[in-house]
Every structure is written in structure tokens, then in C-alpha cells.
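Okay, everyone, thanks for coming.

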Amino acid sequence: MFVRLSAAIAAVSLLSSAALAQGAKPTDPQIAHIAYTAGVIDIAAAKQALAKSGNKEVKAFAEDMVRDHEAVNKQALDLVKKLNVKPEDNDTSRTLSKNAAGKLAELGKLKGAEFDKAYVANEVAYHKAVDSALETQLIPSANNAELKSLLQTGLKIFQGHEQHAEQVAAGLK
Amino acid sequence: MAPRWVLPIVAALMLAMSVSADAATVQITMENLVISPAEASAKVGDTIEWINKDILAHTATARNGDWEVTMPPKKTVTSVVNKAGTVEYYCRFHPNMKATLVIAP
């Protein structure tokens, strides 16, 4: 099952084949961890953009990302607390974090318009990959109804961000 | 005879009453990134009550540029429609949220 998740994310080279070894579908504690990690990664990317970019549209977009993902992750934390689920670190989360750190370093070397374009392009690709992972893997694998429902709302948020990022990208050309 | 200033006040009150009697309030809700109703109807002068039930901020942004309303998380914001027409609008933060407001003259 993890193979299809990987296929989606590998498309933007976020996931190395090393993370895809296990065949089992993710458990709820793992899904919670992956979803939360995906939010944290996007917040870190946005904070980098806020620090580096001088473009009004790009900064506004980054602010939207911080605001939304912080709100969703707070809701996710409230839910896991309520359900008494302890988010469990796993290879997918670890690989996501590792690759995101690499992307931050890569973008960190760019400046000005070059940075803006690369950041927004990565936001489109990243949200696309997470959408696909949510749709094909995380939502179908979730057992708890409330977790599933939160992931479904999360999917709509990520799809919205993807379209928003596409609009910002179009404006940069 | 009533003091001179009474008449304009009475007139203003009557006018206000006649306006509020005509104008309706239309509720549009945003919940789980869905706008409902997907197509709402109103008349010029009506108040739209934009109810945001999400933990996220949303906007109702007219595609034709006529208006934009921003709703903080879990808040209700009102606006008055003052121009007739069929307006398609969306949320700028989540452009997958789309709906139509038909405003009759």
C-alpha cells in the first residue's frame, strides 16, 4: 500500500525508495503523524518564504499557508488527544521531513524572483503529492471516523492551496 | 405644535422602517470548505449574512471584482448587496470553494 503513496510523492522527489519497504497500510497513529508532519513541512517552507521573498503575492500566499496549516494542525492535535491516540513516527514521516529539509536548503540558496518561482512551483507540486497521498492512501486507510473526516477536510484544504499556488505561479510569469 | 426638529426625525424613522421592512437577510454558510447554498438569491438592499463555521479564514470574492468579504474563522460577517446581477464568487484562499449569488433589482 505504501508503494502507491510513494509513487505520488516520489513524483516530486520527496520520498526515496528506502521509505517504501514495508507493505502494510499505515495505522491511525501513523496516519496522524504523517498528516501532522505534512503540515509542519509546509509551515516551515512558508516561513522561509516570508523571510526571503520580497514579492507581495508570494508573501501573502505564505501567510495563508502558515495560518491554515497551524489551524489544521491544532485541530489534529486536539483530535488525537481526544481519541487518546499517540501519533507514531514512521518511515514515511521521517522521509518526508528529511526531503523537506533538503528542499529548504536548496531553496535557501536562491534569491529574489528565482526563489519566488521555485518556492511556488514546489508548493504546487508538494500540495499535489499530499492530495494524492491523502486520497489514495491516508483516507482509505484511516479507521477512526473522526480522523477520516479530518483528513477529508484536510484534502479539500490542500486542494484549495494547490489551486491558490497555481494562481500565484501564473502571476509570476 | 411640535418643535421643528421632530419632523425630520420622524421622517427618517419612517424611511428606515420602510427600508428594513423590504430588505431581507440571506444566510450563506461556509462549512468544511463547502459554500451552501451553492446558488443563493437576494435582492438589491438585502443583507447577506456570511457564516463561517470553519477553523480557517475564508473570503467571498466576486469574480467580476464588485466585492469581497473576508470571514475570520468561526465568525459571521454581514454585507449589503447594492448591485443587481448574477455574481460568481469564490474563496481567494481556497479557490476550490465556488458559488453563485443571484441579485435581483
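Predicted model: local features only at pLDDT ≥ 70, side-chain atom pairs only at ≥ 80, totals over all residues.

Residues are numbered from 1 along each chain as its sequence is written, while chains are lettered from A and ligands numbered from 1 in the order in which they are written.

So, chain B. What does chain B have in the way of helices and strands? One helix and nine strands. Here helices (H or I, at least four residues) and strands (E, at least two) are DSSP runs, numbered from the N terminus. Reading from that end, the order is α-β-β-β-β-β-β-β-β-β.

Those strands go into sheets, and I'll say two strands pair if DSSP finds at least two bridges between them. One is an open sheet of five strands in chain B, in the order β3-β9-β8-β5-β6, with mixed pairing. At its edges stand β3 and β6 (68-71) of chain B, each with a single partner strand, so one side of each has no neighbour in the sheet. From one strand to the next, the twist averages 25°. For angles like that, axes are lines fitted to C-alpha atoms, for helices over the stretch in contact, and angles run from 0 to 180 degrees between N-to-C directions.

Let's walk across that sheet. Strand β3 (residues 39-43) of chain B runs parallel to strand β9 (residues 98-104) of chain B, with five bridges joining them. Then β9(B) pairs with strand β8 (residues 85-90) of chain B over six bridges, this time in the antiparallel sense. Have a look at Thr100(B) in β9(B): Glu39(B) stands opposite it, and Thr100(B) is also the bridge partner of Glu88(B).

Further along, strand β5 (residues 58-62) of chain B is antiparallel to β6(B), with four bridges. His58(B) has Met71(B) as its bridge partner in β6(B), and Thr59(B) stands opposite Thr70(B). The hairpin of β5(B) and β6(B) has five residues between the strands, and Gly65(B) there takes a positive phi near 80°.

On to another open sheet in chain B, also with mixed pairing: four strands in the order β2-β1-β4-β7. Its edge strands, β2 (34-36) and β7 (76-80) of chain B, each pair on one side only. Neighbouring strands here are turned by 20° against each other on average, direction ignored. Strand β1 (residues 25-31) of chain B and β2(B) are antiparallel, joined by three bridges, and Met30(B) stands opposite Ile35(B).

How much of chain B is buried? It's 24% of the 105 residues, where buried means 20 or more other C-beta atoms within 10 Å of the residue's own, exposed means 12 or fewer, and partly exposed is in between, with C-beta atoms placed from the backbone.

Now, where the chains meet. In chain B, 11 residues are in contact with 13 residues of chain A. That side of chain B has eight nonpolar, three polar and no charged residues. Two residues are in contact if their C-beta atoms, placed from the backbone, lie within 7 Å. For the classes, Ala, Val, Leu, Ile, Met, Phe, Trp, Tyr, Cys and Pro count as nonpolar, Asp, Glu, Lys and Arg as charged, and the others, Gly among them, as polar.

Over in chain A, helix α3 (residues 56-83) has 28 residues and should span 40 Å at 1.5 Å a residue; its end C-alpha atoms are 41 Å apart, which agrees. That expected span is 1.5 Å times one less than the number of residues. The buried residues of α3(A) include Val58(A), Met65(A) and His69(A), and the buried set packs against α2 (28-52), α5 (112-141) and α6 (145-171) of chain A. Just past α3(A), Asn84(A) takes a positive phi of about 60°.

Why does Asp42(A) count as buried? Because it has 25 C-beta neighbours inside 10 Å. Asp42(A) is in helix α2 of chain A, and, leaving aside neighbours within four places in sequence, Asp42(A) is in contact with Met65(A), His69(A) and Tyr126(A).
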